[in-house]
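Visitor: Hi, I'm new to this one. Could you show it to me and walk me through it?

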Amino acid sequence: MEMNLGTFRCGPIHPKIVSGNTAPMRMHVRHAELPPKPYEINRLTPEPAPTLSQLLTFYLEAGVDCALSEQPIDRLSDSGQGEALKAASPAAATTAARAAGPLPASVARTADPIPAPDAAIATAREAARTAASLEILRDLLEKFDGCALKSTATRLVFADGNPKARIMFVGEAPGRDEDIEGLPFVGRSGKLLDRMIASIGLDRSKVYIANVIPWRPPGNRTPTPQETQICLPFIQRQIELVDPDILVTLGNPSTQTLLSTREGIMKTRGRWFDYNTGTRVIRAIATFHPAYLLRSPSYKRLSWQDLRAIAKALEAGHSS
Ligand code: URA
């Protein structure tokens, strides 16, 4: 049966649509000539425009949590910057964008085309290879433009702790708090990492902490495989320069990337691997990421076993 509700003409309506209730209910289908009740029309009327706060909530939930500029840019407009950004090729876009006049500093950084991943990986390898010290490596990363994450992050998050430490922890990528402070693991998961480290008698003055990716991915999204490959030569060189006795990979992405395994963290955690720094072979162990432990506290028991194994290896004075 068809219904005619004012200007809306539609087929039979499922009772749930009219009631808004998921519980089954009986609906009396009314004849077309009867005027619809106001609540029925409301159910079929497009929702009112969202408020500013609803929009912001929507953006936050979608991972859009940082502004690139104070000024909005209409990238679809027919003139100026919009046209420049619509240009077909990256090179043409850049030329047109330059002709259109200066963009705000934070946005202007994104106008230059990012090198193709292969070229960026080759540049990263070459740059990392030439870094004779951690300070030089840090400077090189500050100047490196091959990874698009740099343009959305607030700042580089290079490392924290003692560069002479015997143990080095490597996470995945900085989050919001780290992006603000410029230091790894300073947010909620960082606090838990501090407690994990303290449980084996250490603190940040006795360990070195870094991430595979040194820039925060927008909205904390997972870094792409290309982004990971582009940043990999830098963290590899960082490990070589710190030259710890023990490397601890925190969580799956860091473990799979650095220890060249495709197995998941449930299989790799607590296992010892050989890691070739390029200069010598050191011992590496995978364990759960503290952010995962915050979500799944029951795994703290296994994490404690990993920490005990790490403490034992340190006591035994492993230097391979
Ligand atoms: N998670 C990470 O992997 N690294 C950080 O620095 C913070 C959270």
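Visitor: How many residues surround the ligand, and which are the closest?
Guide: There are 13 residues around the ligand, and the closest are Gly171, Glu172, Glu178, Pro184 and Phe185. Being near here asks for a C-beta atom, placed from the backbone, within 6 Å of the molecule. Keep in mind that this is a predicted model, where local features need pLDDT of at least 70, side-chain atom pairs count only at pLDDT 80 or more, and totals for chains, interfaces and linings use all residues. Residues are numbered from 1 along each chain as its sequence is written.

Visitor: What's that shell like by class?
Guide: The shell around the ligand has 5 nonpolar, 6 polar and 2 charged residues. Ala, Val, Leu, Ile, Met, Phe, Trp, Tyr, Cys and Pro count as nonpolar, Asp, Glu, Lys and Arg as charged, and the others, Gly among them, as polar.

Visitor: Stepping back, how many helices and strands are there?
Guide: The protein has 16 helices and 8 strands. These are DSSP runs numbered from the N terminus, with helices being H or I of at least four residues and strands E of at least two.

Visitor: Okay, helices then. How do H7 and H12 pack?
Guide: Helix H7, residues 117-130, packs with H12 at an angle of about 5°, and their axes are 8 Å apart. The axes are lines fitted to C-alpha atoms, for helices over the stretch in contact, and angles run from 0 to 180 degrees between N-to-C directions. So H7 and H12 are roughly parallel to each other. The cut-offs are under 35 degrees for roughly parallel, over 145 for roughly antiparallel, 65 to 115 for roughly perpendicular, and oblique for the rest.

Visitor: Which residues of H7 make the contact?
Guide: On the H7 side they are Pro117, Ala120, Ile121, Ala124, Arg125 and Ala128, and their partners on H12 include Ile230, Pro233 and Phe234. Two residues are in contact if their C-beta atoms, placed from the backbone, lie within 7 Å. By class, this contact has 8 nonpolar, 3 polar and 2 charged residues.

Visitor: And how does H8 sit against H12?
Guide: Helix H8 (residues 134-143) and helix H12 (residues 225-242) pack at about 165°, with axes 10 Å apart. That angle makes H8 roughly antiparallel to H12. Leu134, Leu137 and Leu141 of H8 meet Phe234, Arg237, Gln238 and Leu241 of H12. Those contact residues divide into 5 nonpolar, 1 polar and 1 charged.

Visitor: Is serine 260 buried or exposed?
Guide: Serine 260 is exposed, because 10 other C-beta atoms lie within 10 Å. Buried takes 20 or more other C-beta atoms within 10 Å of a residue's own, exposed 12 or fewer, and partly exposed is in between, with C-beta atoms placed from the backbone.

Visitor: What about asparagine 220, where's that?
Guide: Asparagine 220 is in the loop between strand S5 (208-211) and H12. Although not a glycine, asparagine 220 has a positive phi of about 60°. It counts as partly exposed, with 15 C-beta neighbours inside 10 Å.

Visitor: Last one: is leucine 202 buried or exposed?
Guide: Leucine 202 is buried, with 21 other C-beta atoms within 10 Å. This leucine 202 lies in the loop between helix H11 (188-198) and S5. Leaving aside neighbours within four places in sequence, leucine 202 is in contact with Ile197 and Val207.
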